[in-house]
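This briefing covers one protein chain.

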Amino acid sequence: MNAQELLQEISDYCRTTGLAESTFGRRAVNDGKLASRLRHGGRITTETLDRIRAFMTSNGNGVARPAVISRAYDERSSPVAVAPRPVSAPALAPASSAGPLSGGPPGNGPDPQRNFRFFDNRQKYLLFVNTCSEKWVVGNRVSLELHNVHPRPPALSIFDAGVGDGTVLGRVMRSMHDRFPHTPFYVVGKEISLEDVRLTMQKMSDRFMEHPATVLVLTNLAYADAPWLAVKSLSAASSMVWHEVALTGDTSHSFEEQITDLVPFLDQNWKAGVSPKTGNPVYERPVVLVVYREDHKFLLDPIIPRPGGTRAYYDLVIASQPYRARASLDFKAKRVIAPLARALGPGGRLIAIHSHGNDPGHEIVQKVWPGENPFIHDRHQIMKAVKHELGTAGRDLNFNAYADNRSLFRYDMHTLPSEITQESSIGTSTLFAAWNAAIYVAQVEDHRVAEAAADGSYLAATSEVLQKHGALWFFDESYVISRRRE
Ligand SMILES: C[S@@+](CC[C@H](N)C(=O)[O-])C[C@H]1O[C@@H](n2cnc3c(N)ncnc32)[C@H](O)[C@@H]1O
């Protein structure tokens, strides 16, 4: 075995177990600098190699091996759901969506934040996305920003800081084509969830058909790295998977087939888990997937990113629901929005959108949990914190809070005409969908939802609010950070 192979093994072990390389070295062979020595050409004896091996074996090559995540915020942020599918994990209780205490790394107490992260289940998201108009309305709001964008060669560049199921990105790309039909597009989307990457890719074959001059990049990197397609940590960089796909043919059917063929690659590489150290979601390996049309390769050559990192000069950055409402102000500013603002090119615009509350959805939640208010920071507070975080690096940025009538927008639960009236009772599936949307938007932890569901009064509360307003709607709040043009 050469040093490179051993380093790779150590780095895989550390990533899976959440150990720092220095801790690993100290514990295994009493040498905190082991990995860095190897990296710089140091040699070890066979006896040391045996001790390293013995350490890995006796500590279980994946003692706290992460479970597979189905959807997530950024790895250093917040709610995710864990698919009920543990990866071979001897010391890890099988993850399940059954209750707040199961799953997760051993030793987790019933910490509600952790449980929320682990069990914010995918069904809630999919039901919400399909029963409410939010992602359409967000797509439309983001598309309005295209009027203020002035792309420069070689491309119109956009970054989606969490593509989710791809509804927002798909709508924005359609709108981009409408406005800039002959401009090459460089579209980068960050998403840690395998299932969301699949859903997003499914929506892309028609985009390549209508707008052939498109380079689409999906990555699971963190906010601080994703816009640049490069990871700072050396050990992560050594395991980076960079996959380029040139789509052949010229029909959306053939593109769809080739995109479907990517599923095994995605299953194999787009794995994420929960850090046993922090409890936050993390990727197993950093992945960058680059897709474009083979017949446009020559034209797109200056745009196709290459391993080793790219410049981040985005014309538009989309940050739709990029942080957990209850996350700290510091986290929202420092870990999420500030790095995204740094990635703006001259004239570039970052539009951020989060839930606002003060709407019938919030009313349902407050009927069940009086005084509950997850929407603890408004746009003014967040932008002030971002400005502070950026310091002099933010001097050529404009922070646009806008008046409420421009910043706030409403979206609704889809219902049939006259489905909700004061006279007739509301169908159970409509009530369930409304309840789901209310608790989803308010990001109520699963164990609290289970408690409320036990007594059944939540449906009466939902019905009362729906009948009072004749509909269910929510408010989102938006703000824009823009970089001055050169
Ligand atoms: C990284 S994000 C957002 C993905 C994508 N940008 C979107 O808007 O769907 C995914 C998380 O956002 C949260 N989320 C999405 N839409 C939300 C909404 N309208 N209100 C509150 N939270 C939301 C969910 O908890 C979900 O796990």
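S482 lies in strand β14, which spans residues 473-483. The model is a predicted one. The points below are grouped by topic.

Burial and contacts of S482

- S482 counts as buried because 21 C-beta neighbours lie inside 10 Å, and the cut-off for that class is 20 or more.
- Leaving aside residues up to four places away in sequence, S482 touches G348, R349, L397, N398 and N400.
- One of these residues, G348, is 134 residues from S482 along the chain, yet their C-alpha atoms are separated by 5.6 Å.

Helices α15 and α17

- Helix α15 covers residues 329-342 and helix α17 covers residues 379-390; their axes come within 9 Å and cross at roughly 65°.
- Angles of 65 to 115 degrees count as roughly perpendicular, and α15 and α17 are therefore described as roughly perpendicular to each other.
- The crossing of α15 and α17 is right-handed.
- On the α15 side, the contact is made by L329, D330, K332, A333, K334, I337, A338 and A341.
- On the α17 side, Q381, I382, A385, V386, E389 and L390 take part.
- Sorted by class, the contact of α15 with α17 has nine nonpolar, one polar and four charged residues.

The chain as a whole

- The protein chain has 21 helices and 14 strands.
- Of its 486 residues, 45% count as buried.
- Among contacts in the protein chain with a separation of 6 or more, 79% are between residues 24 or more positions apart.

Methods. Residues numbered from 1 in each chain as written. Predicted model: local features only at pLDDT ≥ 70, side-chain atom pairs only at ≥ 80, totals over all residues. Helix = DSSP H or I, 4+ residues; strand = E, 2+ residues; numbered from the N terminus. Buried ≥ 20, exposed ≤ 12 C-beta atoms within 10 Å, placed from the backbone. Contact = placed C-beta atoms within 7 Å. Axes fitted to C-alpha atoms, helices over the stretch in contact; angles between N-to-C directions. Parallel < 35°, antiparallel > 145°, perpendicular 65-115°, else oblique. Left-handed = near helix turned anticlockwise from the far one by under 90°. Nonpolar A, V, L, I, M, F, W, Y, C, P; charged D, E, K, R; others polar.
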